[in-house]
Amino acid sequence: MLKVIIHLCALWPLVWLYTQAFNDGLGADPVKYVIHFTGIGALNILLITLCISPIAKYFRQGYLLNVRRLLGLYVFFYACLHLTNFIVFDLQFDWPLLWGEIIERPYITVGMAALLLLLALSVTSPMAIRKRMGANWQKLHNWIYLVVLLVCTHFIWSVKSDITEPLIYFAMAFVLLWFRKDKAWRFIKFFGKHRKPQNGIKTTPKS
Ligand code: HEM
């Protein structure tokens, strides 16, 4: 039942969006509207996904953990639509221009990095792959913490004037990361352990 509600809540806004878009119902700048709508949609679902574990633990509602995968896939789906809208309506399939945007505009570079990480998390989300990956699965999926920070950075960088809204999203992301500060800290230490040796001197990780 919960999964049906999630499907409806995720798909209905998209039906509304594209119906309005093809009936001139999105105001003066419909291209900006659809890019904004799908970008914010992806970020909202990402933050909701990160809320699930703390809520499930606090209220002892373990079954909630079962919907994280579905929500995560919707984050990726919305993010793909966001990129597709950008390519189709804004760039009008100008692939060299897309490549130029990725290289020259830092906020697009960061958005692309977040999308590629979401791709890696999505393709490894089926249970069969999870079992095969063993402990590495959790290590890979901890990258979601980096994704949320990248997306908030992408948002704040994309805004030209008033940064209140992205700052609120940053604050929400920090609160959600604070709930799992031990895991996030382990994730940061993982980078420390795997950093490249400098000047040929190998850095051995402290246990
Ligand atoms: C290749 C990847 C991406 C591209 C090319 C891209 C492109 C864009 C563009 C063109 C904008 C509008 C900037 C403006 O108003 O001028 C935008 C905003 C935004 N994007 Fe992305 N994006 C990418 C990835 C992502 C991902 C992965 C997410 C979330 C999971 C995301 C979330 C957002 C958000 C929240 C905004 C702000 C919405 C707004 O106020 O317009 N983006 N992005």
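**Figure 1. The order of elements in the protein chain.** From the N terminus onward, the protein chain reads α-α-α-α-α-α-α-α-α-α. The model shown is predicted. The count for the protein chain is 10 helices and zero strands.

**Figure 1. The order of elements in the protein chain.** From the N terminus onward, the protein chain reads α-α-α-α-α-α-α-α-α-α. The model shown is predicted. The protein chain has 10 helices and zero strands.

Figure 2. Of its 207 residues, 17% count as buried. Among contacts with a separation of 6 or more, 62% join residues 24 or more positions apart.

**Figure 3. Helix 8 beside helix 9.** Two packed helices are described by the angle between their axes and the distance between the axes. Helix 8 covers residues 144-158 and helix 9 covers residues 164-179; their axes come within 9 Å and cross at roughly 170 degrees. The two helices are therefore roughly antiparallel to each other. On the helix 8 side, the residues that meet helix 9 are Tyr 145, Val 148, Leu 149, Cys 152, Phe 155 and Ile 156. Helix 9 brings Pro 166, Tyr 169, Phe 170, Ala 173 and Leu 177. This contact comprises 11 nonpolar residues, with no polar and no charged ones.

**Figure 4. The largest nonpolar core.** This core holds 23 residues, and those touching the most other members are Ala 42, Leu 46, Val 75, Tyr 78, Leu 118, Val 148 and Val 151. Two or more residues come from each of helix 2 (30-58), helix 3 (68-90), helix 5 (106-123), helix 8 and helix 9.

**Figure 5. The surroundings of Leu 46.** With neighbours within four places in sequence left aside, Leu 46 is in contact with Val 75, Val 148 and Val 151.

Key
Residues are numbered from 1 along each chain as its sequence is written. This is a predicted model: local features need pLDDT of at least 70, side-chain atom pairs count only at pLDDT 80 or more; totals for chains, interfaces and linings use all residues. Helices (H or I, at least four residues) and strands (E, at least two) are DSSP runs, numbered from the N terminus. A residue is buried if 20 or more other C-beta atoms lie within 10 Å of its own, exposed if 12 or fewer, and partly exposed in between; C-beta atoms are placed from the backbone. Two residues are in contact if their C-beta atoms, placed from the backbone, lie within 7 Å. Axes are lines fitted to C-alpha atoms, for helices over the stretch in contact, and angles run from 0 to 180 degrees between N-to-C directions. Angles under 35 degrees count as roughly parallel, over 145 as roughly antiparallel, 65 to 115 as roughly perpendicular and the rest as oblique. Ala, Val, Leu, Ile, Met, Phe, Trp, Tyr, Cys and Pro count as nonpolar, Asp, Glu, Lys and Arg as charged, and the others, Gly among them, as polar. A nonpolar core is a set of buried Ala, Val, Leu, Ile, Met, Phe, Trp, Tyr and Cys residues joined through C-beta atoms within 7 Å.
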